[in-house]
Each structure stands twice: as structure tokens, then as C-alpha cells.
Amino acid sequence: MTDLSRRKFLRASGAAAAAGAALVGSGFGAAAEAPRAPGATTLPYPREGITKAGALKVEIPQPFNYPDGQSFCQIIKTGHEVPGGVGPDRDIVAFSTQCTHNGCPLSYDKAARTFKCGCHFSIFDPEMHGQMVDGQATENLPRILLEHDTKDDTLYAVAVEGLIYGRQSNLL
Ligand code: FES
């Protein structure tokens with residue numbers, strides 16, 4: 001290799017190394033970030049009072065909106081302790097009631113103790129974290145996370161676990 005071609009080679013190698021370092025520095029070659037859970041957000045959810053725990057009747061759901069007026073939810077007292085339940089009897093849970101298949105409104109079936117969709121007959125179990133148990137839907141119901149203030153008996157919605165139907169982010 002002549003002096004001239006060696007110099008050209010070294011100059012070209014240096015430029016390639018610098019370009020590689022710039023790519024790594026920009027995060028281009030770095031390991032991919034871990035995927036976030038559906039509905040996860042870095043924005044703060046509002047803390048909104050829904051009702052008093054003592055005002056809820058067993059198996060009679062109450063509608064509310066969370067985290068905004070376009071998101072339809074229901075809170076229900078099951079009458080016995082359930083996973084994720086809050087309140088004095090750990091039997092109060094809340095869910096988005098827009099079907100995870102195509103967004104149709106769900107209604108509560110007291111006899112079956114489930115939320116049902118009239119559009120394509122999906123069924124969800126509020127006593128098992130909103131689990132999808134039958135039908136066209138493939139996702140569980142988004143769960144509204146609740147807190148119970150024992151001082152004044154107020155139930156607060158504080159976050160959503162799972163992505164509300166039709167959204168790319170739960171917080172618009
Ligand atoms: S919209 Fe509910 S099952 Fe299709």
C-alpha cells in the first residue's frame with residue numbers, strides 16, 4: 001500500500017468510526033426500550049371523587065365518567081370481597097364500560113354478575129379484574145383504579161389500567 005492510499009484509508013476509517021459513535025450516542029444502536037403496558041402514561045391521572053362507598057347498593061352499578069367526559073365507566077359493589085376491591089368490604093370495583101371489541105356500551109347482567117355487550121355478545125367478569133370470558137373481544141375491560149378515603153367515605157378514581165377503547169392514550 002502506498003503512503004497516499006494508506007492515508008486515504010485511515011481518513012476513511014476515522015470518518016466511519018466517528019459516524020458510528022454518533023449513531024450510538026443518539027441512541028440509534030442502543031437496546032430497544034421495554035414496551036409499556038396498554039394505557040400506561042407518563043402524564044398524571046386526575047383524582048376524582050365518584051361517590052360515597054355507603055351510597056352504593058349491592059349489584060346496582062353507578063355510571064360515571066373517567067378520566068374525562070367522553071369515557072364511560074361504572075362502579076359496582078359486588079357484595080363480597082373481590083380481587084382489586086376497595087372499601088370497607090373490599091367489594092367495590094370500577095371499569096370502563098365501552099366494549100373492548102368495537103366500543104359498544106356494556107350493560108350489567110345482575111343474574112350472571114357480568115357486563116355484557118349487545119353488539120356481538122362479549123361478556124366480562126367484574127369480579128375477576130374485568131376479564132373477558134366470552135365473545136368477540138380479545139381484551140379485558142380497562143379497570144378504573146379506586147381509592148377509598150376512610151375519613152369521609154369518598155371513593156376516588158385515580159388511574160386506568162388498560163387502554164380505553166378507541167384511544168391511543170387514556171389521557172387526551
Ligand atoms: S362491540 Fe362488543 S362484542 Fe363487538
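Biologist: Which cysteines does the disulfide join?
Modeller: This is a predicted model, and a search of the whole structure finds one disulfide. With an S to S distance of 2.0 Å, within the 2.5 Å cut-off, the cysteines joined are Cys104 and Cys119.

Biologist: How many residues apart in sequence are the parts that the pair ties together?
Modeller: Cys104 sits in the loop between β4 (92-96) and β5 (106-109), while Cys119 sits in the loop between β6 (114-117) and β7 (123-125). The pair therefore ties together parts whose separation in sequence is 15 residues.

Biologist: Is the link of Cys104 and Cys119 left-handed or right-handed?
Modeller: The angle about the S-S bond is -90° for the link of Cys104 and Cys119. With that value, the link is left-handed.

Biologist: Which residue's backbone oxygen does the side chain of Thr78 reach?
Modeller: Thr78 lies in the loop between β3 (72-77) and β4, and it is buried, with a relative accessible area of 2%. Leaving aside residues up to four places away in sequence, Thr78 touches several residues, including Val58, Asp91 and Glu127. At 2.7 Å, its side chain reaches the backbone oxygen of His80.

Key:
Residues numbered from 1 in each chain as written. Predicted model: local features only at pLDDT ≥ 70, side-chain atom pairs only at ≥ 80, totals over all residues. Heavy atoms only, no water. Helix = DSSP H or I, 4+ residues; strand = E, 2+ residues; numbered from the N terminus. Buried < 20%, exposed > 50% of the residue type's maximum accessible area, 1.4 Å probe, protein only. Polar contact = N/O pair within 3.5 Å; in protein donor to acceptor, adjacent residues only side chain to side chain. Contact = heavy atoms within 4.5 Å.
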